[in-house]
Every structure is written in structure tokens, then in C-alpha cells.
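Subject: Structure handover

Hello,

Here is the structure I promised to pass on. Please open it alongside this note.

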Amino acid sequence: MMKLIFSALVLVMAMNMQAQTDKKYFKTLQSQRVESSDLVEWTQVGPGMAGYCEEFWCHPTDANVMFMSPDMYNSYGTWDNGESWQTIKDVDGTGMNMRRVQSITFSHQDANFGLAIDVRGTLYKTTDQGKRWKPTLFKGSGKYCELAVDPNNDNNWYMGAGDFWNVKANHRTQASLNDPAQGYFYKYASYGHIYKSTNKGKSWKKVTKGLPETLDVAKIIVDPSDSKRVIMAANSGIYLSNDAGNSWKLGGQGLPNNSPRALTSYYDKENNEFVLYAVDQTSFTPEGKTITSEGGIYKSTDHGKSWVNISGNLAVNMNKMTSYGARMKYFRSVAHWLGLKNDKEAKTKYPELPEKVYSVYNRIVVNPLNKDEIYISHNTKHDKAFLPGDVWKTSDGGKTWIATARTGRYWSKGKDNAYWESRNNPTVPNTKYAHLQHEQDNREETFGNRFMEINSQGEVFICLEQQIMRSENHGESWEQIDDYETSAGTHHWVGRGGSNLPGRFILTETGDKNKYLFCSGEHGLWQSAPLGDYKDKKAVALKQIEGQVNHKGATSIASVAVHPNDPNTIYMIMFRQDHRGAFRRSTDGGKTWENLSVPLEHDSNYSMQHIFQHSLTIDPQNPNNIYFVVIKNPIAEVSGHRLPKGFSKFGVMKSNDGGYTWSPENTGMPANVCIRRIKMHPTNSSILYAASNQSLNGNTGGLYMSKNKAASWEKVKIPAQIKAVNDVFIDKTTHDIFISCGTSEGTFEEGGVWRSKNEGKSWEKVFDMPYVWQTEVSPINPDIITVSVPLQHERKGATTFNCGAYLSLDGGKTWNKINNNLGQPNQVVDLKPDPYREDVFWCALKGSGWAIGYIKGSKKGWSQK
């Protein structure tokens with residue numbers, strides 16, 4: 001019955017879409033944009049954030065509306081107070097828009113109207129509360145990091161130049177404090193000015209009067225009690241304007257360093273009370289064998305003219321810190337500030353720990369309903385901070401401060417409890433994570449807070465490690481808002497839609513219809529899990545079976561395979577971080593793991609160096625024969641060309657003894673050939689095909705075939721115009737061969753998807769695009785074909801239009817673009833039909849995790865087979 005219904009759907013869709021989806025149509029794609037059909041509805045699978053988020057915004061008048069722009073080039077919005085998140089990127093665009101958004105701001109008079117600026121200096125406008133964004137005519141000459149609106153008049157907008165919030169690179173020093181020109185300057189950013197608009201961003205005037213050429217803007221605040229007064233925090237001080245931003249004077253009276261790290265404000269309209277709060281950069285000064293510090297937290301009640309210290313008891317006694325990590329980070333911070341070689345030199349010169357010292361704080365917010373409730377935070381991982389407690393808080397206007405976000409063993413072990421209790425500081429950990437909980441419980445606070453925002457109701461949002469946390473009770477506790485647990489204690493997670501996880505390969509054929517495996521970067525290996533009583537039956541729950549759930553587990557998984565006779569025996573290979581280069585096995589369904597061998601041993605940087613691998617394949621007739629490929633020219637892999645120096649084991653790797661020993665098997669291939677994917681024939685395991693995507697030593701890429709289990713290879717004749725073969729696939733039903741071709745700078749003629757129905761003797765093009773990464777065919781219906789199209793080079797490629805996911809329901813005669821809710825159409829790294837259902841599809845995105853797609857009208861969830 002299902003087949004009949006689906007066949008009818010195919011016929012209707014083919015008739016409706018024929019006019020704009022036949023093969024000839026794709027020849028016009030250089031200049032035309034194709035909108036995605038609603039044929040497939042995509043929903044996120046598995047964990048939410050699972051990655052770093054440094055940018056987050058709360059709508060100023062609607063607490064239900066928030067936005068985030070994590071570091072994997074995706075951006076999301078929520079309109080239900082974080083219950084669910086959707087992409088705000090153009091799903092039919094290039095994928096480059098609204099990535100790493102720098103600022104989002106909304107009108108206080110019209111909740112639907114807002115502006116945003118991204119890392120490329122493109123300004124966007126929304127008129128529907130941020131659900132859709134359109135680029136404006138403004139195009140900056142570089143990066144801009146701040147937008148502000150007059151709270152009394154949404155005609156008036158301000159934009160600040162610079163790259164102030166680049167916390168991984170923008171660190172102050174004693175030298176830069178004395179001379180801002182010696183500070184950090186990002187070559188793709190603009191500096192030295194602001195822009196002002198008086199017509200809602202339609203046009204802008206550049207303002208430089210009173211501003212230094214090195215100006216790097218952190219925050220702009222328009223005084224709600226008088227719109228002519230504008231206050232700005234920048235790298236070189238607090239600046240004040242009394243003429244609505246047309247001219248500026250340096251302020252900062254009372255700030256010891258006048259080097260603001262963050263600025264925020266409180267306004268009580270009823271009493272017309274306006275208060276500014278600032279974090280002044282912590283500076284360190286030698287005093288004999290120890291160090292003194294200045295900086296801290298300040299407030300202004302006269303519109304920014306003068307500032308008073310409200311740091312209270314914020315300084316701590318480092319002699320009471322027994323944490324080795326905290327002490328060494330203190331010496332690291334001192335060394336950086338004073339320009340010393342390293343923490344060891346600082347410890348040698350200034351061995352006596354100070355009794356009062358400030359950490360390096362860089363964020364501040366105030367409760368809009370209570371001026372005395374102020375939060376500050378520091379980033380111990382990236383910003384030279386060093387104290388426990390990622391967020392600190394005062395409830396009495398700055399007289400006393402406590403560490404209000406507490407995680408990990410420093411607090412749970414209670415070594416310094418007596419000291420913290422003497423400060424009336426709680427000591428019990430109070431942060432609740434999703435799948436990261438086990439690792440966070442067993443670490444000290446070395447990950448650092450990334451951002452801090454507060455909404456109109458006084459709820460505070462931060463990012464600890466790789467999860468977004470919210471406090472709804474004034475900092476008493478913090479809980480992640482990225483995932484739902486299907487029921488308490490199951491560790492089965494359903495994402496809310498805002499994934500920042502590096503999605504990799506998905507294995508859907510494991511010998512168990514209910515067990516699919518999902519590879520990720522940085523977050524290990526995941527397995528599908530029962531939903532239980534979870535209300536949304538179309539959701540897919542996952543549980544982590546390797547990674548943070550295991551101490552020093554493998555976190556960046558390149559490929560995975562399952563033993564053909566035992567679904568509980570799982571093999572994996574890693575491309576970076578822990579166990580990189582190893583071949584890893586579990587014989588108990590992922591509960592425990594062991595390294596069988598290290599076929600790609602190398603000595604390189606733990607995090608930054610990558611060995612790109614794929615196509616882990618096991619011979620079903622002789623499971624001792626195992627294969628994978630090592631990729632010299634990675635195109636869909638994470639972080640591009642970061643191969644270890646001197647590494648040379650590329651091509652096909654094979655083991656004859658179940659993975660204990662390995663050897664390269666490239667006989668018959670050109671020297672230094674780049675093999676990106678291999679595919680074993682579905683009925684004859686002696687035959688393998690290898691896709692080569694790189695021109696090396698004068699040889700173009702191509703397709704290779706082995707008839708003897710990779711002992712030797714011969715080149716398959718394919719159309720002469722093809723210069724790179726990125727993927728090879730064999731239809732299990734028809735045994736047709738599909739090759740995905742093209743390059744980032746190539747032509748339409750050399751790209752596309754080609755099919756051979758006669759074992760490679762002749763070829764026909766079934767999909768016409770200049771660059772294709774992957775093609776797969778449903779194992780239960782050969783008419784169902786999926787294709788992944790990446791973005792070509794924006795200046796040198798044949799087209800920048802219409803990248804993303806494509807689907808044919810009639811064997812390649814007609815095609816449907818199916819990008820809806822896929823916020824990274826340019827980075828679809830895995831795309832395939834479900835092996836058991838004709839109405840289900842799976843997708844992995846380079847920076848947005850995984851997704852499941854249902855044919856429109858599907859009634860049953862995936863687990864309801």
C-alpha cells in the first residue's frame with residue numbers, strides 16, 4: 001500500500017515540478033535562483049549547541065525572542081523563549097549570509113523591525129521579528145561589531161567599526177593600554193569611526209569627529225532619558241556625545257585605566273533613572289615580589305561623565321587558591337600583561353601570590369528590573385582570566401560579589417570551601433548540562449564563558465564549554481537550553497533545533513533497523529535511541545556512545561562501520577584530537593572501546609592538525625578485510641588543509657587481519673593520487689571503486705577500479721571533460737554506478753552526476769551542476785536519488801546559485817531542491833535516503849549537526865516503523 005501511495009506522490013510531484021526541474025533547466029542556474037520546494041520537511045536530530053557560541057541577543061521588548069550565531073557559521077532564532085530554534089539564514093542562498101553575525105538589534109517601538117550586521121560587513125533588515133532577513137544597500141568596507149538604536153526613536157541607528165569581541169585574539173597588554181595603536185587589529189575589519197542613520201538604516205553617515213583612527217567599538221548606548229546623549233565603550237576609552245553621535249569627546253573620569261571591556265545600562269522610566277555600568281580592564285603592576293591590580297566594576301549616574309568603583313569584595317586572595325590550574329593561569333595572565341616570556345618567568349619574578357587581585361573580566365549585564373543585581377563574567381580559556389566561577393554576581397549594587405555559576409571538581413571536591421564560605425559564597429556546583437555533564441563534573445573550570453545576555457524579565461544567558469545555559473532564578477542555578485532529555489536519567493537527547501555540532505558521516509545500515517550511527521567532530525559517536533513517552537514522535541533521540549561520556553574518549557569521528565555478522569562490534573577512525581590516527585573497536589555495542597592499531601601514527605598538534613579519512617568499509621564475505629581512505633585534498637571535511645607536516649600516507653589503506661595491521665594499497669594509481677571515497681560492489685566484494693578528486697603531477701582526478709580486493713587498480717574510462725570525481729556510489733538494486741563530479745572553480749561541463757548502467761562502459765549525465773559532492777540511491781527504490789551540491793568559489797566558479805540538497809523521485813528525470821530549514825546549504829557533507837522507508841531522508845551538515853527529512857504528509861515518525 002505504501003508503495004502505491006508513494007508512486008502516486010511521485011507522479012504528482014513530477015507533473016508539478018517538471019517546468020522548473022528538468023535537466024535543461026540547470027543550464028540557466030548561473031543567473032537564476034531556484035526556491036526550495038516543500039516536498040521534504042527537515043528537523044534537527046540529536047544534540048543542540050554542542051559547540052561554541054560567542055554571540056547571543058535578547059529582543060529588547062519580547063522575552064520570547066532570542067538569536068544566536070555560533071562559531072560554525074550558522075545562525076538561529078527562537079520565538080518561543082528557547083523551546084525551539086530555527087535557522088535565520090537564507091536556505092536558498094549561498095550559505096555565506098548571516099554567518100557569524102556580529103550584532104542584532106530591534107526597535108523599541110516596532111517589535112518586528114530590526115537590523116543585523118554579519119562578519120562580512122553586510123547589513124540586513126527584518127520586518128517580521130527576525131524570521132527572515134534581507135540584505136540592505138549598505139556594504140561596509142570591513143567588519144563592524146556593534147549596532148545600537150535610539151530607544152525613543154527607531155529612525156536613529158548607530159554602527160560601530162572594529163572587531164572588539166574577537167576574544168580569541170583581542171587581548172589587552174600594558175603596552176596596548178599606554179598606546180592603543182599597538183593593540184590588536186584585524187585586517188578585514190574597519191576602525192576609527194562609527195556610522196549613523198536617521199532613516200532606519202536606509203542611508204548612513206560616517207562620523208569621525210573626536211574619534212581616533214584606531215577606534216575599536218565595544219558598545220554604543222543611547223541615553224533613554226535624552227537621545228542627544230550617546231555613550232560608547234571602545235578600545236581606547238569611554239567616549240561621550242552630546243549631539244546624537246555627530247561628535248565625540250573622550251570621557252572615563254574615575255576609571256583607573258579607562259580601558260573598558262564591557263558596558264551596560266539600567267533605566268527606570270517611571271523615575272527617569274539612568275545608570276551605566278562598566279568593566280574596566282584589569283591591569284597588573286609589580287610590587288616587589290608580588291603583583292597589585294587595578295580595574296574592576298564601575299558605575300555612572302551622570303550619563304557617563306564620572307565613574308565610581310563598585311567592585312566591593314570582588315578581589316580575591318590567591319594564597320587561598322589551591323588549584324594548580326588557577327595559579328598557573330594567574331601567572332600566565334601576569335606574564336601576558338607585562339610582556340614576559342611565559343607563566344614560568346612571571347612566577348620566578350613575582351613568586352609571592354597577592355592577597356587581593358582581580359581576574360580579567362570582560363562581560364557585564366544588569367537586571368532591567370533591579371539595578372542592584374549585576375552579573376559579570378570572564379573567559380579562562382581564551383581571555384587570560386584565571387579564577388574559579390565563570391559568572392560572578394552582586395545583589396547589593398556591588399558591595400559584595402559571589403561566584404554564581406559553579407562547575408566541576410574544584411567546587412565538588414571542596415578544597416577551598418573554608419575560604420569561599422568566609423566570603424558567604426555558595427560552594428555547591430549549580431550548572432546542569434546535557435551530554436557534557438559527565439565530563440564537566442570531572443574537570444576544573446578551564447573552558448570559560450563566551451557571552452552573557454539578559455532579557456527583559458531578568459533571565460540570564462551564558463555559554464559554558466559548548467552549551468548555552470540559562471538562569472531563571474537570579475543565578476542560583478543554571479541549566480542548558482539546547483536539548484531535551486526524553487525522560488530523566490535516560491541520557492537520550494532530542495535537540496531543540498540550534499545545533500552547532502560538526503556533523504559528519506551517518507551510518508544507516510548497521511544490521512539493526514533501530515540502530516543508526518552518527519559521527520561528529522568534537523562530540524564523538526552517537527546512536528539512535530528510543531523516544532519513550534516523548535511527545536513529538538517525529539523527533540529522533542540520540543545517545544552518545546563514545547566521546548565525552550567516556551574519560552579521554554574519541555571525540556572527532558571520521559567514519560564508522562559495523563561488523564557484517566555482529567551489530568555489537570563497531571569500528572571507527574578519528575581525524576583529530578584524542579586517538580587521532582587510531583583504529584578503534586567496541587565489541588559490546590559502544591559501551592567500551594579499545595585501540596586495535598594506529599595505522600596513521602604521527603606527532604602533531606592535538607587540536608589543529610587533521611588526518612582526513614572516510615569510507616571505512618568491511619568485506620561482508622571476509623570481515624578480516626577492512627578498508628578506508630586517507631584524503632590528501634579534503635573538500636567537505638572540517639577546517640580545510642591542516643594536515644600534519646611531512647605526513648604522506650594517502651590513498652587506500654587495507655587490513656587483512658581485522659584491523660591489527662595496515663598497508664597502503666595504491667598499485668596502479670598515479671603517485672600522490674588523492675582518493676576521496678571508495679565503494680565496494682554490493683554482490684562481489686573483490687570489486688572496489690575509488691573516486692579521485694585532485695589533479696596531481698599532471699594527472700587529473702578520475703575513477704579507479706580494483707577486481708582483486710585493492711591489490712591493484714586500473715583507471716575506468718569516464719567522459720573526458722571530467723577533471724575530478726568526488727564520490728562513487730553503486731545502486732544496490734540495479735548495480736548502476738553513479739559518480740559525483742566537479743571542482744570549486746570548474747565549469748558545468750566538467751561537473752554534475754553521471755550514471756553508468758553497464759559497469760562503466762558508457763555514461764549519461766543525470767544531474768547538471770558544476771560541483772557535486774555526493775550522490776546516493778535508495779536501497780529499496782532506485783527511483784529515489786539524493787544529491788549534495790556545495791557552493792563553488794564565489795569569484796572563480798561557474799555559479800554561486802542553488803547549492804544544497806536535491807532529490808529525484810523518478811530516477812533522475814526531474815529534480816527537487818529540498819533545502820527548507822537547512823541553514824548551511826553550502827555544506828551538506830552527507831545526504832542519503834533511509835534504507836527502510838521511502839519517505840525518510842538523512843542529512844549531515846558541516847556545522848549544524850544532523851537532520852531527518854520527511855516527505856510532506858508523512859504521518860509516522862522514524863521510530864514508528
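Predicted model: local features only at pLDDT ≥ 70, side-chain atom pairs only at ≥ 80, totals over all residues.

**Salt bridges**

Searching the whole structure gives 30 salt bridges. In general terms, side chains of opposite charge can pair when their charged atoms come close. Here are some of the pairs.

Start with R229 and D226. They form a salt bridge, and their closest N and O atoms are 3.7 Å apart.

Next, R443 and E439. Their side chains meet in a salt bridge with an N to O distance of 3.2 Å. R443 has 21% relative accessibility, so it counts as partly exposed. E439 comes out as partly exposed too, with 25%.

Then look at K709 and D619. This salt bridge has its closest N and O atoms 2.9 Å apart. Which parts of the chain does the pair tie together? K709 lies in the loop between strand 47 (703-706) and strand 48 (714-716). D619 lies in the loop between strand 41 (613-618) and strand 42 (626-630). The two parts are 90 residues apart in sequence, so the pair ties them together across that separation. D619 is buried, with a relative accessible area of 0%.

There is also a network to look at. Salt bridges link R33, E35 and D90 in it.

**Aromatic pairs**

The structure holds 37 aromatic pairs. One of them is formed by F767 and W815. How are the two rings arranged? The pair is edge-to-face, with 70° between the planes and 4.8 Å centre to centre. F767 belongs to strand 52 (residues 764-767). W815 sits in the loop between strand 55 (804-808) and strand 56 (816-817). The pair therefore links distant parts of the chain, 48 residues apart. F767 is buried, with a relative accessible area of 1%. W815 is buried as well, and its value is 1%.

One aromatic cluster is made up of Y361, W392, Y410, W411, Y419 and W420.

**Charges over rings**

R100 places its charged end over the ring of Y73, 4.8 Å from the ring centre. K200 has its charged end over the ring of F113, and here the distance to the centre is 5.4 Å.

Strands of a sheet pair through backbone hydrogen bonds, either parallel or antiparallel. This model has an open sheet of four strands in the order 22-23-24-25, and the pairing is antiparallel. Which strands are at the edges? Strand 22 (363-367) and strand 25 (402-405) are the edge strands, each pairing on one side only. From one strand to the next, the twist averages 35°.

Inside the sheet, strand 23 (residues 370-377) pairs with strand 24 (residues 391-394) in the antiparallel sense, over four bridges. What is the bridge partner of I376 in strand 24? The partner is W392.

Best wishes

Notes. Residues numbered from 1 in each chain as written. Heavy atoms only, no water. Salt bridge = Lys/Arg side-chain N within 4 Å of Asp/Glu carboxyl O. Buried < 20%, exposed > 50% of the residue type's maximum accessible area, 1.4 Å probe, protein only. Phe/Tyr/Trp six-rings, centres within 6.5 Å; stacked < 30°, edge-to-face > 60°. Lys NZ or Arg CZ within 6 Å of the ring centre and 35° of its normal. Pairing = 2+ DSSP bridges. Axes fitted to C-alpha atoms, helices over the stretch in contact; angles between N-to-C directions.
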